[in-house]
Amino acid sequence: MSYENDARIISDDIFDLVNECFSHERSSRNNESRLNFFDTYNDYFVLTDDGSYSINSREINNKVETLHTSTGAISESFEKFIKPMKFDYTKDIAILDICAGLGYNTSAAIDDFMKNSGESHLQIDMVEISKATFACGLLVPSPIPAHDITRKAIEDELIAQDYASLSLEETEIPENIDINVYIEDARQTVQRLEDNTYDAIFLDPFSQNMAPELFSVEFFKEFRRVIKDDGIVATYTSSAPVRAGFIEAGFYIGLGPIFGRKQGGTLASPNPLMLDYALPRNDEVRIALSDVGIPFRDPGLNNSSDFILDERTEERHNARHNTKISSAVKTPIFLGVEMDDEKLKRRVERNLAKMNIPSTTSSEAKYIVEVEDDYSQEQDEKNNSTERILEMKKRLKKVKMGN
Ligand SMILES: C[S@@+](CC[C@H](N)C(=O)[O-])C[C@H]1O[C@@H](n2cnc3c(N)ncnc32)[C@H](O)[C@@H]1O
């Protein structure tokens with residue numbers, strides 16, 4: 001229970017109501033509290049633009065996030081997590097669904113599998129820290145029929161863990177689908193999973209400031225171990241430290257779909273050929289050269305969110321003007337660029353001078369970003385975001401060392 005208490009999960013109001021509902025079910029063995037829950041408390045659910053429901057998170061540092069985008073909770077699952085996968089449904093498929101929440105991503109995967117597969121088998125391992133959040137998945141109206149299959153698997157596990165007591169979900173799980181449900185900190189689960197198992201990993205935590213522990217290099221190294229060589233990790237965020245973390249953990253990265261946000265998410269794979277699109281050029285430059293590209297670290301996979309955030313702040317501070325160009329005023333994106341704005345130019349060049357780069361158009365500046373001359377949106381084995389980022393990092397180091 002202590003992980004659940006500390007983690008960033010659903011808002012306290014609905015958390016208490018859901019716990020009460022299931023506590024009543026356990027003591028009375030009466031199905032009414034569950035069956036009436038949504039109608040009684042539908043104000044606590046957030047209706048999104050495609051008609052599917054979401055919930056708000058617990059308030060952390062005066063911020064509340066919704067579990068899904070307001071543009072459409074179930075649509076987000078298809079757009080961000082299913083469409084970028086290149087599933088070959090002639091073969092068996094295994095998916096790891098991290099931060100499974102209401103079970104929408106799993107349900108979208110089941111829907112896609114049932115529509116496109118023939119004889120093959122689907123295994124989905126869902127991981128969610130909070131019983132109450134999983135229980136909410138049994139209380140919202142199912143956004144698609146496949147959600148009823150997911151609900152059955154969640155209900156079975158909640159009964160096994162003595163949280164629910166009645167078997168109310170009637171839909172059977174098809175024989176060619178196995179759903180394993182883990183209710184614990186995903187950092188613990190991944191360490192027990194077998195090497196080289198998954199075709200896809202869905203990574204859907206709250207934002208990096210709420211849950212940096214689910215975006216750390218060490219967590220991603222576990223992904224690298226359990227994913228197949230052609231597997232793909234999908235996550236909605238375009239954050240520089242997250243992308244840098246994937247590279248440090250041994251992944252190639254590419255641009256994910258844009259849905260309900262201005263920027264595309266992130267895809268990561270051991271195989272660059274699985275990733276069609278490069279990151280925007282300026283994102284590559286900032287990840288490679290500035291302190292925003294310092295990833296989250298969680299050695300031991302057991303540190304608190306606040307500790308991980310503080311440690312990163314300190315690492316950024318130490319790296320700035322030392323191994324990384326300052327991220328202030330987006331300095332690195334002006335390398336190789338003629339600047340008209342004299343005031344901004346002075347600030348940029350003050351930051352560059354500390355890294356032995358005399359000006360934005362000096363030979364040193366041009367040498368570092370020369371690799372971007374080959375930039376193209378389509379990626380291939382050699383010409384891709386990851387190779388360019390690693391090469392720019394190397395060049396910056398050489399320039400700083402004076403050779
Ligand atoms: C953005 S929501 C996920 C929505 C979900 N993918 C869906 O389809 O409904 C983030 C979820 O992460 C869960 N969570 C938070 N910390 C966790 C952890 N350490 N391990 C596993 N799940 C965690 C929260 O309880 C919350 O349900």
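Colleague: Which of the 24 residues around the ligand come nearest?

Modeller: A residue is near a molecule or strand if its C-beta atom, placed from the backbone, lies within 6 Å of it. Here the residues that come nearest to the ligand are C99, G101, L102, Y104 and A186. The model is predicted: local features need pLDDT of at least 70, side-chain atom pairs count only at pLDDT 80 or more, and totals for chains, interfaces and linings use all residues. Residues are numbered from 1 along each chain as its sequence is written.

Colleague: What is the shell around the ligand made of, by class?

Modeller: Ala, Val, Leu, Ile, Met, Phe, Trp, Tyr, Cys and Pro count as nonpolar, Asp, Glu, Lys and Arg as charged, and the others, Gly among them, as polar. In this shell, 14 residues are nonpolar, six are polar and four are charged. At least two shell residues come from each of α5 (104-116) and β4 (122-128).

Colleague: How many helices and strands does the protein chain have?

Modeller: Both are DSSP runs numbered from the N terminus, with helices taken as H or I over at least four residues and strands as E over at least two. The protein chain has 15 helices and nine strands.

Colleague: What does the radius of gyration say about the protein chain?

Modeller: The radius is taken over C-alpha atoms, and the globule rule is 2.2 Å times the number of residues to the power 0.38. For 403 residues a compact globule would come near 22 Å, and the 23 Å of the protein chain agrees with that. Its C-alpha trace spans about 75 × 45 × 40 Å along the principal axes.

Colleague: Is E59 buried or exposed?

Modeller: A residue is buried if 20 or more other C-beta atoms, placed from the backbone, lie within 10 Å of its own, exposed if 12 or fewer, and partly exposed in between. E59 has 12 such atoms within 10 Å and is therefore exposed. It lies in the loop between β2 (53-55) and α4 (73-82). Over the whole protein chain, buried residues make up 49% of the 403 residues.

Colleague: What about L267: buried or exposed?

Modeller: L267, in strand β9 (residues 266-269), is buried, with 24 other C-beta atoms within 10 Å. For contacts, the C-beta atoms of two residues, placed from the backbone, must lie within 7 Å. Setting aside neighbours within four places in sequence, the contacts of L267 are P84, I232, V233, A234, I253, G254, G256 and L275.

Colleague: Which residues of α13 are buried?

Modeller: In α13 (residues 342-353), V348, N351 and L352 are buried. Down the axis they fall within an arc of 100 degrees, so they line one face of the helix. E342, K343, R346 and A353, on the other side, are exposed. The cover over the buried residues includes α14 (363-369).

How values were computed:
The expected span of a helix is 1.5 Å times one less than its number of residues. The arc is that of the directions from the helix axis to the C-beta atoms.
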